[in-house]
Amino acid sequence: MGKRSGVPHRENDGRYRTFVELERVVGSFPNAIWHSAAGAKQVTVWCSNDYLGMGQDPAVLTAMHETIASAGAGAGGTRNISGTNRHHVELEAELAGLHDKEVALIFTSGWISNLASLGTLGKLLPGCAIFSDALNHNSMIEGIRRSGAERFIFAHNDLVDLERLLQSVDCDRSKIIAFENVYSMAGDIAPIATICDLADRYEALTYLDEVHAVDMYGATGGGVAQREGVGDRITLIEGTLAKAFGVMGGYIAGPELLIDVIRSFADSFIFTTSLCLHLAAGAPAATRHLKADPTLRERQQADAARVKTLLRASGFTLSATESHLVPVLIGDAHHCRRLSNFLLERHAIYVQPINYPTVPVGQERLRITPTPAHDEADIQALVEAMVDARAALSAIARAA
């Protein structure tokens with residue numbers, strides 16, 4: 001079909017995406033049931049974005065069950081057509097407080113929150129120029145593209161390149177520096193304070209994507225900006241409810257005026273049914289739990305450090321990760337897929353291969369996400385399975 005239609009056959013270059021059917025079972029995280037043609041089998045999941053297991057936390061589940069029982073499932077409409085509920089308002093207040101910002105605004109996903117916010121601000125700010133890190137997430141790229149603003153891409157975390165681009169733009173133009181803190185595929189962290197210094201010098205707004213850091217870093221889970229003591233210097237913080245919060249949704253937090261502009265003009269907010277009420281109730285239950293008790297964050301960081309140490313000692317190449325993410329560099333799409341399949345089929349360990357377009361060709365990887373629910377036996381089993389998979393696949397390649 002690919003040849004006749006002119007559409008490339010992605011199986012040939014290793015990019016074809018397959019989906020592993022998992023069944024999460026309350027109380028068994030990080031284990032799940034894998035359903036395949038061969039039947040059902042328990043596996044250990046090592047690539048979940050539910051970083052702290054809050055998707056199965058009793059307080060979160062109780063809040064969600066109680067909300068469904070009292071208010072039903074859906075929100076009933078968009079935010080301006082009967083879809084603004086008490087749970088939405090309380091969640092936005094909770095998120096604004098988490099980041100010490102004036103107000104917050106929730107969306108149905110983190111992808112939509114970036115699309116809506118950057119797309120709206122870039123369009124409405126006069127003569128806007130947006131400076132975007134080269135490794136920014138697809139949702140940020142799409143939001144900037146949709147805005148129609150002039151876009152300047154600076155080399156990843158390269159402050160010299162960023163300043164060069166800032167100097168090239170007329171000082172009277174509106175400017176936004178859009179960047180992440182924890183980059184999801186590399187695990188490295190942006191130099192937030194120095195970027196804020198440049199923003200001050202060139203009178204630019206700062207837009208920080210904290211999706212992989214909210215509820216993971218900082219004294220109360222406010223993210224890397226909170227940990228570094230620079231949250232007050234960030235104009236807008238964007239986050240997700242779908243990772244460490246354990247549910248689903250996205251948000252932005254910042255000055256009331258800018259949030260009101262986005263609320264009033266972002267079509268992907270105005271014309272979308274609002275977040276389901278049980279999700280809006282589950283998210284604050286998660287963040288309140290993590291504010292009060294940092295134990296899960298601490299255990300997760302310890303597990304991540306342990307996994308990094310053991311994998312490096314076993315000869316695996318990791319990215320220069322500074323975070324809770326553990327990207328193991330493979331460098332070939334087919335080999336990455338074969339490693340993932342071997343781990344799943346032979347060792348009941350699930351780690352999804354990461355290939356193009358999520359990462360550039362030649363930078364394929366397995367991205368491992370340790371959680372506080374992975375114990376020492378799980379960690380040892382993972383490392384031993386990785387070593388076995390590498391040896392078995394190398395032997396097959398030599399024989400071929």
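Colleague: What counts as a helix here, and how many helices and strands are there in the chain?
Modeller: Helices are DSSP runs of H or I with at least four residues, and strands are E runs of at least two, numbered from the N terminus. This is a predicted model: local features need pLDDT of at least 70, side-chain atom pairs count only at pLDDT 80 or more, and totals for chains, interfaces and linings use all residues. Residues are numbered from 1 along each chain as its sequence is written, and side-chain values use heavy atoms, without hydrogens and water. The chain has 14 helices and 14 strands.

Colleague: At what angle do the axes of H13 and H14 cross?
Modeller: Axes are lines fitted to C-alpha atoms, for helices over the stretch in contact, and angles run from 0 to 180 degrees between N-to-C directions. H13 covers residues 333-347 and H14 residues 376-399. Their axes come within 10 Å and cross at roughly 120 degrees.

Colleague: Which residues in H14 does H13 meet?
Modeller: Contact means heavy atoms within 4.5 Å. From H13 come His 335, Arg 338, Leu 339, Phe 342, Leu 343 and His 347. They meet Ala 385, Met 386, Asp 388, Ala 389, Arg 390, Ala 392 and Leu 393.

Colleague: What share of the 400 residues is buried?
Modeller: Buried means under 20% relative accessible area, with a 1.4 Å probe and protein chains only. In this chain the buried share is 54%.

Colleague: How large a box do the C-alpha atoms of the chain fill?
Modeller: The box is taken along the principal axes. Its dimensions are roughly 65 × 55 × 50 Å.

Colleague: Among contacts between residues at least 6 apart in sequence, what share joins residues at least 24 apart?
Modeller: These contacts are counted within the chain. The share is 70%.

Conventions
Buried means under 20% relative accessible area, exposed over 50%, partly exposed in between (1.4 Å probe, protein chains only).
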